Protein chains: 2
Amino acid sequence: MRKVYIVGAGMTPFGKFPDRPYYNLGKQAALEAIKDAAIDHRQIQAGFVGNVMAGMVPGQKVFKELGMTGMQIVNVENACSSGATAVNLGYWAVASGQYDAVMAVGTENLTGNRSGGTALAPDPDDIEGVQGAVMPGIYAMRARRYMEEYGITPEDLALVAVKNHKHASLNPYAQFRNLVTVEEVLASRMIAEPFTLLQCCPVADGAAAVVLCSEEKMRELGAKGVQINASILVSGKYKTEPGDMTVPEISERASRLAYSMAGLGPEDINLVECHDAFTIAEILYYEVLGFCGRGEGVGLLRSGAVELGGKVVFSPRGGLMCMGHPLGATGVAQIVEAVWQLRGEAGARQVQGAKVAMTHVTGGGVSGMDNAACGVHILTV
Amino acid sequence: MRKVYIVGAGMTPFGKFPDRPYYNLGKQAALEAIKDAAIDHRQIQAGFVGNVMAGMVPGQKVFKELGMTGMQIVNVENACSSGATAVNLGYWAVASGQYDAVMAVGTENLTGNRSGGTALAPDPDDIEGVQGAVMPGIYAMRARRYMEEYGITPEDLALVAVKNHKHASLNPYAQFRNLVTVEEVLASRMIAEPFTLLQCCPVADGAAAVVLCSEEKMRELGAKGVQINASILVSGKYKTEPGDMTVPEISERASRLAYSMAGLGPEDINLVECHDAFTIAEILYYEVLGFCGRGEGVGLLRSGAVELGGKVVFSPRGGLMCMGHPLGATGVAQIVEAVWQLRGEAGARQVQGAKVAMTHVTGGGVSGMDNAACGVHILTV
């Protein structure tokens, strides 16, 4: 397989844009990625587009806006991992030699969806979902169990939101850029005990895009790309006995496959964009992605190791928590952040000396678990 | 790139099954494909699933029914070409060496969709769609133009439905197995002039699945596979001036790419499953896929060359016209039919001595054209 590089990255700010259709957001992100790559758009040979809610052929509608027609376009859906799936397919299309340059785009408009697309209500045949095992409920159960087992407090959970707001305050692309205190987090209204509003990632609209190419094409462009060293996509195991619900098996497995593919380990990673959909999630992912032992997540958080200036910065852009989570866009947006960080272009939120980044998304409820699909990427410069 | 073979094929009958969710249909098709391949399901390394209407993570819900968990699953949507897209991704995943054995599944329940998935109404921002440029309207305009240019009659159009019903009457998987006469076709109620009801493909539910593998894996299984010699997926050009609307450019282009990839031409093809969504469509596809010259389609049809016993049999299973068109399933089901025909297992509708088959789907309305995505496959035995 050939090496694959990201030579262009672009995204829209994330926020609530009910009047901007997903293809308008997608166009902006894609155009910025193309400009960033300084590639003639006619050299892009295929498009892989992650989207959940828009209905039919969203990718064609994005690329048509750019006059990029005729090429292969594949629309992919994998719930919260849709964007990572688009990048994964793009990665393999270049790695295999099928194409020399492709784009992966993630785009989603959740607040103004006018296209008759997928509803977010649980499938009526999904008994667990109908009875309340939707994402806030599933993560809340994890949080309660973890609190019971390791004696952590609501204040510990709130610290994740405090840290990610601090990071987001330095990020012009973030939806929420205000600083918050532990007290403010805990005083916001209750959503699913123990999560208050400020512990849940908000709804958002947005888009992100990357241009992927081979080493030869990168040289031809005279670009200095960010290499994709691992691109892993797996689905859940849906065990009847799911084991310990505070150890999300799918994320642990995907990360180990990614480390193995990249020949790197947690000790090499400088920054992580993880799926911090709820405060407990980021704490669990410190552990299952391999950055500390079981029950040590809060200790790692309180040590400062995971915030800007620390050893491995989690959610430098502010994470899902402050960006919001436009489903199809998130996985690509994490990778755009990683590219900017690895190129040293992340401005006030720059992780100094960043050489290796990891991105991680997971989600899609099946049978009361959030483990339909998980995508992990490791990138280096 | 490695050679890729289909070693297992399965499908459900097509029909109206409002009480069978798409994952139940998908499970049946996938299970039959696995049994047909005589492969241990644990050897399947990835799943590519075409579906339009079901909402989130349909593939995971299909494979969970089979206990096939953990592997990479990609859900793809490309309107009428969703199933062909799933096969295309599966093809490249094996051809490239990423995986040795994968499955492609297409599944759709249109009559009993309960999952809050995509609605079929046009995007309110699609001005042409809202004003009536939906599929029956678009094809009706093509038919009227073609009638004007070549002087063909409503009776000529009706002959496509008569032929495809004749084929379907021999196919236990078809939804409509009754014979019809030209008079009956023309007397059915008007849908979009000149199309009467029996000239439009009906709604249907159904699923189809194939197991794809490398040559080495095929030998290991002791199987005799059907080779995929070409797998092409392209999108439309959306020209402001679309040129001659009776020459669907996307289908012409995709077929030429497929012939080139396979090193074969129309003269080598024994049977074609094309996107006969309306009677005029099949006539146009005789021409643009290269089986006769412009304006010669009706002559070819009346010559008997495209019906069972003829030189190149179009729609031996009865086509979309009599099977119905469960969007995500159709592209895979065409390929299942091709596999059965090439293995000589098509029963009463067997194309004698079939060695080379072509399948063709196209669709997805953008800007009043049906050319969002087109998938063409060429298979040989």
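## Terms and basis

Two residues are in contact if their C-beta atoms, placed from the backbone, lie within 7 Å. Helices (H or I, at least four residues) and strands (E, at least two) are DSSP runs, numbered from the N terminus.

This is a predicted model, in which local features need pLDDT of at least 70 and side-chain atom pairs count only at pLDDT 80 or more, while totals for chains, interfaces and linings use all residues. Residues are numbered from 1 along each chain as its sequence is written, and chains are lettered from A and ligands numbered from 1 in the order in which they are written.

In chain B, B:L157, B:A158, B:V160 and B:A161 of α6(B) meet B:T279, B:I280, B:E282 and B:I283 of α10(B). By class, this contact has six nonpolar, one polar and one charged residues (Ala, Val, Leu, Ile, Met, Phe, Trp, Tyr, Cys and Pro count as nonpolar, Asp, Glu, Lys and Arg as charged, and the others, Gly among them, as polar). Helix α6 covers residues 154-168 and helix α10 residues 279-288; they pack at an angle of about 90°, with their axes 8 Å apart. Axes here are lines fitted to C-alpha atoms, for helices over the stretch in contact, and angles run from 0 to 180 degrees between N-to-C directions. That makes α6(B) roughly perpendicular to α10(B) (under 35 degrees counts as roughly parallel, over 145 as roughly antiparallel, 65 to 115 as roughly perpendicular and the rest as oblique).

In chain A, the axes of α6 (residues 154-168) and α10 (residues 279-288) come within 8 Å and cross at roughly 90°. The residues in contact are A:L157, A:A158, A:V160 and A:A161 of α6(A) with A:T279, A:I280, A:E282 and A:I283 of α10(A).

## Chain A overall

Chain A has 13 helices and 12 strands. Its radius of gyration is 19 Å, close to the 21 Å that the globule rule gives for 381 residues, so chain A is as compact as a globular protein of that length. The radius is taken over C-alpha atoms, and the rule is 2.2 Å times the number of residues to the power 0.38. The C-alpha trace spans about 55 × 45 × 40 Å along its principal axes.

Of the 381 residues, 64% count as buried (20 or more other C-beta atoms within 10 Å of a residue's own; 12 or fewer is exposed, in between is partly exposed, and C-beta atoms are placed from the backbone).

## Nonpolar core

The largest nonpolar core has 290 residues, of which A:V210, A:V211, A:V332, B:V210, B:V211 and B:V332 touch the most other members. Such a core is a set of buried Ala, Val, Leu, Ile, Met, Phe, Trp, Tyr and Cys residues joined through C-beta atoms within 7 Å. Beyond neighbours within four places in sequence, the contacts of A:V210 include A:I6, A:V87, A:M103 and A:V332.

## Helix α2 of chain A

Seven of the eight residues of α2(A) (residues 58-65) are buried. These buried residues pack against α1, β2, β3 and β4 of chain A together with β12 (373-380) of chain B. Just after α2(A), A:G67 takes a positive phi of about 70°.

## Backbone details

A:V57, in the loop between β2 and α2 of chain A, has a positive phi near 40° although it is not glycine. A:V57 is buried, with 29 other C-beta atoms within 10 Å.

A cis peptide bond joins A:E193 and A:P194, with omega about 10°. The bond from B:E193 to B:P194 is cis, with omega near 15°.
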